[in-house]
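Good morning, everyone. Please look at the model on the screen, and I will talk through its rings, its cores and its confidence.

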Amino acid sequence: MRTFFKATMTAAMLTAVFSAPTARAGLFDDDEARRAILDIRAKIDAVNARVDAKADKTSSLSLSDQNERLNQELAKLRGQIEVLTNELANTQQRQKDFYVDLDTRLRKLEPQKVSVDGQEVNIGANDQKTYDAALATFKSGDYKGAAAAFSSFVRSSPDSGLAPSAQYWLGNAYYALRDYKNAIAAQQVVVTKYADNPKAADALLNISSSYTELKNKPQAKRALEQLLSQYPNTPAAQTAKERLATLK
């Protein structure tokens, strides 16, 4: 662009000089012509120098403005990158905390293996707490409340490792309330559904006692005989032998 401008200016000045009428051109001798050419060249050089200076100044200002704008854009982008980096770090930390918390919660919900009456069983997260609360109610003498608590437990957690014990204590609660029919029904569930559980032998003792309270000696005796037949090597079996002797 600069070269084109300079060439244009040079051509314009040469045209202005040599476009005079032909008659006048004849008045110049060789020396005058050379001086005129030198003068023109000097003027052209001066113009070109001014053009160059102006172009350089314009170009310098333009580059300076561009650099300033670029620096501003870079600063803006750096700020955005810093914000995004912080947000990413915070998001990653929140995700990490979430998964740690989730894993902790899931572990709490997972069944735990514990030993109950000499057997290793699975117990849900809240089973032990609920069972202990119901048993504490029984021991406090609130047999009606205990019956309700144990009944709720066996309904809500039938597969819990504590279900056989809860069913057994439900029968005991009914017995303490002198509700012998329900006591027999509750303990019969232990004998039938949880026959391999250590509580089954004790449940038969409770059944026999309930029948005795109902003045049904044959059924009381039959329960003791079943106990001796199915669980002969249990502590309850010795008690059954002693009771059988009194029922003859």
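I start with Tyr 143, which is partly exposed, with a relative accessible area of 30%. Buried means under 20% relative accessible area, exposed over 50%, and partly exposed in between, for a 1.4 Å probe and protein chains only. Phe 138 has 14% relative accessibility, so Phe 138 is buried.

Before I go on, a word on the source. This is a predicted model, where local features need pLDDT of at least 70, side-chain atom pairs count only at pLDDT 80 or more, and totals for chains, interfaces and linings use all residues. Residues are numbered from 1 along each chain as its sequence is written, and side-chain values use heavy atoms, with hydrogens and water left out.

Back to the rings. Rings of Phe, Tyr and Trp (its six-membered ring) pair if their centres lie within 6.5 Å; planes under 30 degrees apart count as stacked, over 60 as edge-to-face, and the rest as tilted. How are the rings of Phe 138 and Tyr 143 arranged? Their centres are 5.2 Å apart and their planes are at 65°, so this pair is edge-to-face. Tyr 175 and Tyr 180 are also edge-to-face, because their centres are 5.3 Å apart and their planes are at 65°. Tyr 175 is partly exposed at 26%, while Tyr 180 is buried at 14%. The structure holds six aromatic pairs. Phe 138, Tyr 143, Tyr 168 and Trp 169 form one aromatic cluster.

Next, the cores. A nonpolar core is a set of buried Ala, Val, Leu, Ile, Met, Phe, Trp, Tyr and Cys residues joined through side-chain atoms within 4.5 Å. The largest one has 21 residues, and Leu 204, Leu 205, Ile 207, Leu 224 and Leu 227 have the most contacts inside it. Helices 7, 8 (199–213), 9 (217–230) and 10 (235–247) each supply at least two residues of this core. Helices are DSSP runs of H or I, at least four residues, numbered from the N terminus. Helix 8 gives the most, with seven residues. A second, separate core of 17 residues includes Ala 146, Phe 153, Leu 162 and Ala 183.

Last, confidence. The chain averages a pLDDT (the predictor's confidence in each residue, from 0 to 100) of 78, and 63% of the residues score at least 70. Confidence is lowest in helix 2 (residues 22–25), at a mean of 43, and highest in helix 7 (residues 180–193), at 97.
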